[in-house]
Amino acid sequence: GLLYEARDELSYIDNALLTEFELNFVNSLRNSVNDKIAVLTERANKKTEYLNRAASISAQDMSENEMRSTIGMKQYAGRIYTQWDDLLNDIYGYLKQILPVNEFNALEKDEVAWISRRDGNAEVAAEGMKGGTGEGLLYTETLMNDTEDRCYYLISLIK
């Protein structure tokens, strides 16, 4: 993109033709462009890492043993939910490092509201099976699915 073009253009400048002031300015620009490229590269790598972890979680199938009972299915959903939740916390921690304070503060408020919505969604989903063996499964599956969606949303904030 433009940063790479700027870096290339700055590399064509003949330092021997510059005054000391101009040389300091050009070197400052070079450093600034290179620093920005390094930040964007690091963020792209982190985003790819998170997307790969998400794909790995999504690719996990239920074991034959887990498929045999509602309890097994709930254990599977709980295991996958825990992995999504761990990923979500990692992404959130990374966003705390890279977002400007005002943007992170807004995200923090949104995150608190999202947790409440997620938990409410799980309660509503499980309500239809209240007291039955499927209640816990529906609750945990909803937590799992909503947390997966939130992970992808948070990953999209890495720019």
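This is a predicted model: local features need pLDDT of at least 70, side-chain atom pairs count only at pLDDT 80 or more; totals for chains, interfaces and linings use all residues.
**Entry 1: Arg79 and Glu66**

I started with Arg79, which forms a salt bridge with Glu66, the closest N and O atoms being 3.1 Å apart. I call it a salt bridge when a side-chain nitrogen of Lys or Arg sits within 4 Å of a carboxyl oxygen of Asp or Glu. Arg79 lies in helix H4 and Glu66 in helix H3 (residues 64-67), so this pair ties together parts that are 13 residues apart in sequence. Helices here are DSSP runs (H or I, at least four residues), numbered from the N terminus.

Then I looked up accessibility. Arg79 is partly exposed at 32% relative accessibility, whereas Glu66 is buried, with a relative accessible area of 10%. My cut-offs: buried is under 20% relative accessible area, exposed is over 50%, and partly exposed is in between (1.4 Å probe, protein chains only).

**Housekeeping**

Residues are numbered from 1 along each chain as its sequence is written, and side-chain values use heavy atoms, with hydrogens and water left out.

**Entry 2: the other salt bridges**

How many salt bridges does the rule give? The count comes to eight. As a reminder, side chains of opposite charge can pair when their charged atoms come close.

I checked Asp90 next. Its side chain meets that of Arg53 in a salt bridge, 2.8 Å from N to O. Asp90 lies in helix H4 (residues 70-98) and Arg53 in helix H2, so the pair ties together parts that are 37 residues apart in sequence. Both ends came out partly exposed: Asp90 has a relative accessible area of 36%, and Arg53 is at 29%.

**Entry 3: Arg117**

Leaving out residues up to four places away in sequence, Arg117 touches Asp110 and Arg150; contact means heavy atoms within 4.5 Å. Where does Arg117 sit? I found it in helix H5 (residues 101-127). Arg117 is partly exposed, with a relative accessible area of 43%.

On to helix packing, where two packed helices are described by the angle between their axes and the distance between the axes. The axes are lines fitted to C-alpha atoms, for helices over the stretch in contact, and angles run from 0 to 180 degrees between N-to-C directions.

Helix H1 (residues 2-11) packs on H2 at an angle of about 150°, the axes being 10 Å apart. H1 and H2 are therefore roughly antiparallel. For that wording, angles under 35 degrees count as roughly parallel, over 145 as roughly antiparallel, 65 to 115 as roughly perpendicular and the rest as oblique.

H1 passes H2 in a left-handed crossing, where left-handed means the near helix is turned anticlockwise from the far one by less than a right angle. The H1 residues in the contact include Leu3, Tyr4 and Leu10, and those in H2 include Val26, Leu29 and Ile37. By class, I noted nine nonpolar, three polar and three charged residues in the contact of H1 with H2. Nonpolar covers Ala, Val, Leu, Ile, Met, Phe, Trp, Tyr, Cys and Pro, charged covers Asp, Glu, Lys and Arg, and the others, Gly among them, are polar.

The axes of H4 and helix H6 (residues 134-156) come within 8 Å and cross at roughly 25°. H4 and H6 are therefore roughly parallel to each other, and their crossing is left-handed. The contact of H4 with H6 has 16 nonpolar, six polar and five charged residues.

H2 and H6 have axes that come within 10 Å and cross at roughly 165°. That makes H2 roughly antiparallel to H6, and H2 passes H6 in a left-handed crossing. On the H2 side I listed Lys47, Tyr50, Leu51, Ala54, Ala55 and Ser58, and on the H6 side Glu148, Tyr152, Ile155 and Ser156. The residues of this H2 and H6 contact divide into six nonpolar, two polar and two charged.

Conventions:
Helices (H or I, at least four residues) and strands (E, at least two) are DSSP runs, numbered from the N terminus.
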